[in-house]
Amino acid sequence: MHYGYIINDFLFGTTSKEDYPLIDIPEYLINDIVEYCIPIQLSEIESYRSVIIDWIFNTDTTKSKTAFEIKPFQKYTVDFDEMIFPHFISCVTCIEVEELGFNLKEFFQPLNQKFKAIHTEFKKYYPSTQYLHEVKLTKIYILDKYILGYSFRLENEPYEHFFYNIHLESLLHQIIPFQFDDKPKLTVDIILEKINQVGVENLTSEEREFLNKLKQ
């Protein structure tokens, strides 16, 4: 493993030196996201409609303010403690966008290798249809400030096909990695929290020196 991607206490993706920059995200997470997240309707967040449309066509961007403000609208099919991966699923927001009417051809421009994989899947499932025009974007899934993925469905077909954001890897690679030898910057709050947990006698010499300087 070269990098690990963690949200809360859940390791949701890894990168190896051999496969870099590809990020391996477990496929089983998709089922739980789809099962537990009740899609937010656009009518519930009407004031964000134009922002969401812009985000759909610019999935290589982040919108932390929008994601934060929409998050309280998210509901789930089960209680938090009934989820299999609660600390991950609770960070995902799902929005129903089928009414916008975007089809597969409109959504991915220009063509790239990851889009070709999506194109191939629909060609395999529905070889005799004009799927580029008839497959509709149905939902987008947001994780923190990123679009995690999206669902597509062919008209009059019940099954929705989930795909991770084709730009997700490049977005996550912009994060500055944490190193195990990095030392957190000392603050009064950090030291007081440690004293509260393990007692003042367990402070390191560096932490004691930091406190002594504050007294001077």
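Helix H2 (residues 49-56) buries Ile52, Trp55 and Ile56. These residues span an arc of only 100° around the axis, so they sit on the same side of H2. The model is predicted.

**Largest nonpolar core**
- The largest nonpolar core holds 30 residues.
- Ile52 and Ile56, both buried residues of H2, are among the residues with the most contacts inside this core.
- Ile95, Phe122, Leu137, Tyr150 and Phe152 also belong to that most-contacted group.
- At least two residues of this core come from each of H2, H3, H5, helix H6 (113-125), S7 and S8.

**Contacts of Ile95**
- Neighbours within four places in sequence aside, Ile95 is in contact with Ile40, Leu42, Ile45, Ile52 and Ile70, among others.
- Its contacts also include Thr138, Lys139, Ile140 and Ile142.

**Another core**
- Another core, of 26 residues, lies apart from the largest one.
- Its members include Phe12, Ile33, Met83 and Cys94.

**The S1-S2 hairpin**
- Strands S1 (residues 3-7) and S2 (residues 10-15) run antiparallel and are joined by five bridges.
- Gly4 has Thr14 in S2 as its bridge partner.
- Two residues lie between the strands of this hairpin.
- Asn8, in the turn, has a positive phi of about 55°.

Key
Residues numbered from 1 in each chain as written. Predicted model: local features only at pLDDT ≥ 70, side-chain atom pairs only at ≥ 80, totals over all residues. Heavy atoms only, no water. Buried < 20%, exposed > 50% of the residue type's maximum accessible area, 1.4 Å probe, protein only. Helix = DSSP H or I, 4+ residues; strand = E, 2+ residues; numbered from the N terminus. Arc of directions from axis to C-beta. Core = buried A, V, L, I, M, F, W, Y, C linked by side-chain atoms within 4.5 Å. Contact = heavy atoms within 4.5 Å. Pairing = 2+ DSSP bridges.
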